[in-house]
Amino acid sequence: MASWWKYGVIVLLLIAAALVPQALPTFWISIATEVLIYGLLAMSVNFLGGYGGLVSLGHAGLFGISAYTVGYLVTRMGVNHYVAFLAGILLTLAVGAIFGGVAIRATGIYFLMITYAEGMVVWGLAYRWAKVTGAENGIRGITRPELFTKGWQYYYVVLVIFVLTIYLMWRVLNSSFGLTLRGIRECEPRMAALGYNVQVHKFLGYMWSAFFAGIAGGLYAYYNRFVSPSTVQLSVSSESVLMMVLGGVGTFFGPLLGSLIIIVGRNMISLYTARWPIIMGTIFVLTVLLAPKGIIGTLSAWWEQRKKVSAGVVEIVEASARKEVGAEGEVRVGTESQS
Amino acid sequence: MLEVENIHSYYGGAHVLQGISMKVPDGRVVAMLGRNGMGKTSLIRSIMGMTPPEVRAGSVRYNGEELLGRPSFYIASKGLGLVPQGRRIFPSLTVVENLMIAAREGQAKGNNGAKWDLNRVFELFPALERRRKNRGNQLSGGEQQMLAIARALMSNPSLLIMDEPSEGLAPVLVQQLRDQLIVLKQQGLSMFLVEQNFGLAMAVADDVYIIEKGQVVYEGTPADLNARPEIKKRYLGV
């Protein structure tokens, strides 16, 4: 069908991503790594918020639990890297089960407030539980696994894990569970009337999202080699929501595009001015006002509209050729979107 | 068989259902007639376990099992398929997605136990097949109604509950709906239909109830009701 070019674009992007270390200087390899890590975090927020209608303002907490776990296990306990990475994800899931169990009782703004509070709990622990987290000093000196110590080597690690993770995410979203999530976003009581235990599905959605955020957190710990309360602060959560909104809520790659724009923008603009937050705020306001569907959402709406108009023209021509009129006495323009 | 016995439902302090009793035997079509605000939708919500209203007394049994106090997803999983009032389809899902989201094994009754799937649903509603890739909010009112019924059928219900399926439909489409409901009835599907449209209810139903201010004021067959113009005039204004 018409989606072959989509796969083409994805393959081209993959090739481009694989060539980043060859083509760009070290500084930009590090930026690209950051784009992927925060992009994955934003995609985990979008998994729950864009598809399930449950926007979380606490994902930095989940991200941070994984990052801190890796940091603590590697620097203090000398645990094997792969075990530490898995432990980070598992602990994120364990805490996510508690956070999610509380948060899924609410929807909309209340869900947002509960997740916000949960994120602040993690931040508070990072700040106060000095014995484990090192408080303001954070945890320093996280080493990378032997083969991946250089920036470009670690970039490939992140790229591979990123691609595998979002492939899994894509499969989940296109399964019947993904459809269930979207149904819950549209209307919870309707889903209940169709026989779905909405609470259980919201919880599962939260757990998947926590799983993806946990992977991003573990990757971050090794990328930055340092975790501190600023790793889990509110702005990390709110920026991931902004990335989702900027790229397109409920579009698969939107948050990644948002991450690219925000991370690159921050690093470029910070060279010239310290007023990046003002610029970021302006971007956010303009997006919400001018393109509430985000970049990808707006583009695909425009594309569908175009396709519809051309399909509608064909339909009118065909209908008039057959002297056929619609069931309700009119020719409908732009209703067949297939082909 | 669905048996509703003497249920009392409240919206806060408002006593909206005042001891309603009714039943839908297997394989029969039962219609509940009544004007606006008489408690028709409240009755359906009470049966389906949706709150509000709050049911404070009575019993709702399906095949002998007490459903009162159960969550709606449990009630739906027992084989009660709901076509909600106002055709509440999922607006941003496509026709096929709207149908697949409801698909489940169920315990299909009627048509010798044949299961409902996309093919069978499209056979009954050919208009939907032509629009399989359109989103819910791109459909006309009549198509949305068909989709709401088709979606309920996809869950393979043993009892189809419909809340004013004719609401807002043009007379031609109401006729079409009547024919489709008669097909379902001939296939042996039990249905409970809440309606304001007198003609539709009378054409489809085996048993008729009239509800007035939260109470059942008449119970009989369409033929019997037709023979009693004073009741029709008093409660339905026809």
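Where in chain B is the place of Asn156(B)? I found Asn156(B) in the loop between α6 (141–154) and β7 (159–163) of chain B. Helices here are DSSP runs of H or I with at least four residues, strands are runs of E with at least two, and both are numbered from the N terminus.

Before going on, I noted the ground rules. This is a predicted model, where local features need pLDDT of at least 70, side-chain atom pairs count only at pLDDT 80 or more, and totals for chains, interfaces and linings use all residues. Residues are numbered from 1 along each chain as its sequence is written, and chains are lettered from A and ligands numbered from 1 in the order in which they are written.

**Backbone entries**

I looked up phi for Asn156(B) and got a positive value of about 50°, although this residue is not a glycine. Glu164(B), also not a glycine, has a positive phi of about 45°. I placed Glu164(B) in the loop between β7 and α7 (171–186) of chain B.

Are these two buried or exposed? Asn156(B) counts as buried because it has 22 C-beta neighbours inside 10 Å. Glu164(B) counts as buried because it has 23. My cut-offs: buried takes 20 or more other C-beta atoms within 10 Å of the residue's own, exposed 12 or fewer, partly exposed in between, with C-beta atoms placed from the backbone.

Next I checked omega. The bond from Thr51(B) to Pro52(B) is cis, with omega near -10°, and the bond from Pro52(B) to Pro53(B) is cis too, with omega near 0°. I see Pro52(B) in the loop between α1 (40–48) and β4 (54–62) of chain B, and Pro53(B) lies in the loop between α1 and β4 as well. As a reminder to myself, most residues other than glycine have a negative phi, and most peptide bonds are trans.

**Helix pair in chain A**

I then took α2 (residues 26–49) and α11 (residues 234–247) of chain A, which pack at about 75° with axes 8 Å apart. The two are therefore roughly perpendicular (65 to 115 degrees). Axes are lines fitted to C-alpha atoms over the stretch in contact, and angles run from 0 to 180 degrees between N-to-C directions. Among the residues that meet are Tyr38(A) and Leu41(A) from α2(A), and Met243(A) and Met244(A) from α11(A).

**Chain contacts**

Last, I looked up the interface: 24 residues of chain B are in contact with 19 of chain A, contact being C-beta atoms, placed from the backbone, within 7 Å. α2(B) gives the most to chain B's side, with 4 residues.

Conventions
Contact = placed C-beta atoms within 7 Å. Parallel < 35°, antiparallel > 145°, perpendicular 65-115°, else oblique.
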